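Me: I've got this one open and want to talk it through. Can you help me find my way around?

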Amino acid sequence: MTTVTALAGRIPVTRLTPAVPDPRWHPKAFEGEVVPFRATVFREGHDRVGAMLVINGPSGVEQRHRMAPLAPGTDRWEALVRLDETGEWRWHVTGFDDEIATWRHDAGVKIDAGVDVELMYEVGARLVERAAAETDRPRAVRKRLTALAGALRDGEASPADRRALVDAPVLAEFDARPLARLSTDSPEQRLLVERRRAGVGSWYEFFPRSEGAKRQKDGTWKSGTFRTAQKRLDGVAAMGFDVVYLPPIHPIGVTNRKGPNNTLDPGPGDPGSPWAIGGPQKDGSAGGHDAVHPDLGTLADFRAFVRRANQLGIEVALDLALQASPDHPWVAEHPEWFTVLPDGTIRFAENPPKKYQDIYPVNFDDDPQGIFDEVLRIVRHWMKQGVRIFRVDNPHTKPLAFWERLIGAVIADDPGVVFLAEAFTRPAMMQALAMAGFQQSYSYFTWRNTKAELEEFLTQVSQETADFMRPNLFVNTPDILTEYLQFGGPAAFTVRATIAATAAPLWGVYSGFELFESVARPGAEEAIDNEKYEYKPRDFAAAEAEGRSLALYLGILNRIRAEHPALGQLRNIRFHASDDDSVLVYSKHLDGRFTPDGEDDTLIVVANVDPHSVRETTVHLDLEAIGLEAGARFEVDDLVTGSRWEWGPSNYVRLDAFTRPAHILHVRRGSDA
């Protein structure tokens with residue numbers, strides 16, 4: 001006779017989330033994130049079931065959260081929990097037969113119908129007596145339950161008084177401490193909570209060599225330095241950015257150096273691309289990934305730059321690009337780290353139609369351990385200089401297993417180190433990089449511009465992949481100047497910044513965005529006179545004085561982000577309807593249980609995504625999605641202009657692309673109202 005062990009348990013508990021598509025890895029969250037824990041819990045027949053989330057933080061403190069049912073008929077249950085401790089959390093869901101809920105349902109139906117009335121009261125009395133006998137319940141509660149049992153049996157009481165006992169307040173005791181004979185625990189689950197900067201941040205990218213660069217009388221340029229770049233940090237801080245990302249700061253190769261606009265004929269003073277890593281140092285020797293470009297200064301100057309940034313509340317993110325110029329020390333010392341072609345030359349990098357003759361990609365197959373050891377050494381070297389964030393260039397062109405090993409080794413040294421994947425690639429690879437360890441990822445946001453595209457994209461990243469992948473919504477990069485920005489004018493820049501800053505807790509800007517830089521190299525999706533190949537000093541103060549700058553608005557966006565905790569969450573975006581296909585409407589709502597002041601925080605964003613027109617339309621709100629009753633009237637404040645309106649389920653809006661293409665509205669509640 002064959003014996004088979006049942007896996008389901010007496011009360012089946014299935015489909016637990018947070019989860020990742022591949023069980024080899026585990027889901028993650030960031031410190032302060034409100035995470036929806038969900039499970040499917042059911043049983044045979046019609047008796048009621050319940051679900052309890054049991055979760056243990058890294059310090060060992062256990063929390064128990066009664067889960068609430070989601071849509072009727074789905075058997076899905078949910079508990080929202082704010083995770084405030086970094087490290088590994090362990091959790092499971094207990095499914096149980098909810099005897100009190102079953103009795104209350106049956107008693108309500110039968111007593112109201114005059115069927116088995118006394119039997120129903122006796123069943124209830126015996127249940128609460130059993131609960132009152134449980135010595136782990138508080139003494140005061142046990143006394144109240146004993147009294148309730150007596151009242152249920154009191155045939156002299158009026159029918160109305162006895163019927164009210166089915167909903168007696170003391171029965172709320174069973175929400176936290178249910179009465180159940182049958183229960184099943186799901187398998188234990190794991191969830192990694194990383195530091196808050198892994199999930200929340202406002203990034204600003206600039207080239208330090210351009211900050212303070214000056215053209216000399218002979219037409220050549222004198223490079224900016226870390227010391228001159230420090231002066232830009234005050235402006236970045238004034239705009240509210242808290243991460244400064246620097247492209248590679250290492251010596252740049254001379255061989256095959258690129259000239260302006262990616263040409264192959266550089267002039268004698270052209271600086272070359274910072275991504276062509278490896279070139280002459282001040283003493284003439286070749287420097288690589290652990291050196292700083294001599295024009296920028298010294299390693300001590302870099303540390304001073306990092307200290308000044310930290311004083312301003314800014315972290316420095318450094319580029320990690322695993323490639324080499326022909327002049328990199330690796331080429332001579334480790335030729336096995338590159339691909340040699342039949343003609344004896346080393347293969348340079350290509351991303352058709354783009355060619356990078358100044359860069360050799362690394363071949364990870366001939367000496368994987370040697371490459372791993374060297375890259376780990378380099379990362380640890382920069383960690384010693386005060387860097388805890390790395391923006392990784394094209395990680396999708398390197399083996400996934402390499403990144404899993406590297407990030408794992410680095411996190412073992414310092415769990416607070418953050419890696420951002422610049423992986424504009426196929427979804428499978430992009431998502432696998434996130435599962436394998438990357439805390440953040442660039443995304444397709446840059447190319448999602450219409451209302452329909454944005455709703456689909458933002459739904460995916462906030463709901464479908466949020467358990468393991470965090471999008472950083474960069475509005476532009478040195479490589480990406482979309483047609484939307486090229487031809488949309490200032491309105492396009494305003495709209496893109498508004499959506500990026502409010503739709504997700506991570507967003508980023510590359511320098512020049514605030515100056516509406518929009519001229520592309522013909523036939524390309526990148527800026528003309530690209531800063532990757534030349535110095536590009538900017539007069540930010542003059543632009544602001546002349547009204548040609550978005551800097552003030554970017555500062556307003558970051559201030560709003562800092563003041564409203566709802567914007568520090570990824571999973572809470574909800575979309576609402578409008579009668580215009582160019583007017584995007586979404587909300588970010590955070591329940592008062594999770595806010596510092598104990599009051600709900602709700603923002604509504606209404607954006608005209610057509611940068612060439614004025615749009616007048618009606619927006620229709622799902623009020624329950626923002627914590628309001630159906631049909632409610634309420635006041636909203638425009639957090640940019642200070643205007644105030646009374647709103648309700650349906651509301652007229654007028655969005656002029658040329659003056660004010662978007663509203664960021666705060667719903668007034670409690671002490672605000």
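Me: Let's begin with β25 and β26. How many bridges join them, and do they run parallel or antiparallel?
Reply: This is a predicted model. Two bridges join β25 (residues 473-474) to β26, and the strands run parallel. Leu-473 has Trp-507 as its bridge partner in β26.

Me: What does the chain pass through from β25 to β26?
Reply: Through α13. That β-α-β crossover is right-handed.

Me: Which strand do five bridges join to β26?
Reply: Strand β11 (residues 201-205), also parallel to β26. There, Glu-205 is bridged to Tyr-510.

Me: Is β26 itself mostly covered or open?
Reply: Mostly covered: five of its five residues (506-510) are buried. Leu-506, Gly-508 and Tyr-510 point one way. Trp-507 and Val-509 point the other way.

Me: OK, the core. Which residues touch the most other members of the largest one?
Reply: Phe-390, Phe-419, Ile-499 and Trp-507, out of 117 residues in that nonpolar core. Helix α13 (residues 483-503) gives the largest share, ten residues.

Me: What is Ile-499 in contact with, leaving aside neighbours within four places in sequence?
Reply: Phe-445, Leu-454, Leu-458, Leu-584, Tyr-586, Ala-607 and Val-609. Another core, of 23 residues, lies apart from the largest one. Ile-111, Tyr-121, Val-128 and Ala-149 are among its residues.

Me: Switching to charges. How many salt bridges does the count come to?
Reply: 57. One of them joins Arg-232 to Glu-514, with the closest N and O atoms 3.0 Å apart.

Me: Where do Arg-232 and Glu-514 lie?
Reply: Arg-232 lies in helix α6 (residues 226-238), and Glu-514 in the loop between β26 and α14 (540-545), so the pair ties together parts 282 residues apart in sequence.

Me: Is Glu-514 buried or exposed?
Reply: Buried, because its relative accessibility is 0% and the cut-off for buried is under 20%. Arg-232 also counts as buried, at 10%.

Me: And what does Glu-99 pair with?
Reply: Arg-130, in a salt bridge of 2.5 Å, N to O. Glu-99 is in helix α1 (residues 99-113) and Arg-130 in helix α2 (residues 117-132), 31 residues apart. Glu-99 counts as buried at 14%. Arg-130 counts as partly exposed at 23%.

Me: Which residues are linked in a network of salt bridges?
Reply: Glu-134, Asp-136, Arg-137, Glu-173 and Arg-177.

Me: Last one: where does Glu-635 lie?
Reply: In strand β31 (residues 634-638). Glu-635 is partly exposed, at 34% relative accessible area. Not counting residues up to four places away in sequence, Glu-635 touches Arg-644, Trp-645, Glu-646, His-666, Val-667 and Arg-668.

Conventions
Residues are numbered from 1 along each chain as its sequence is written. This is a predicted model: local features need pLDDT of at least 70, side-chain atom pairs count only at pLDDT 80 or more; totals for chains, interfaces and linings use all residues. Side-chain values use heavy atoms; hydrogens and water are left out. A nonpolar core is a set of buried Ala, Val, Leu, Ile, Met, Phe, Trp, Tyr and Cys residues joined through side-chain atoms within 4.5 Å. Buried means under 20% relative accessible area, exposed over 50%, partly exposed in between (1.4 Å probe, protein chains only). Helices (H or I, at least four residues) and strands (E, at least two) are DSSP runs, numbered from the N terminus. Contact means heavy atoms within 4.5 Å. Two strands pair if DSSP finds at least two bridges between them. A crossover is right-handed if, with the strands pointing away from the viewer, the path from the first strand over the helix to the second runs clockwise. A salt bridge is a side-chain nitrogen of Lys or Arg within 4 Å of a carboxyl oxygen of Asp or Glu.
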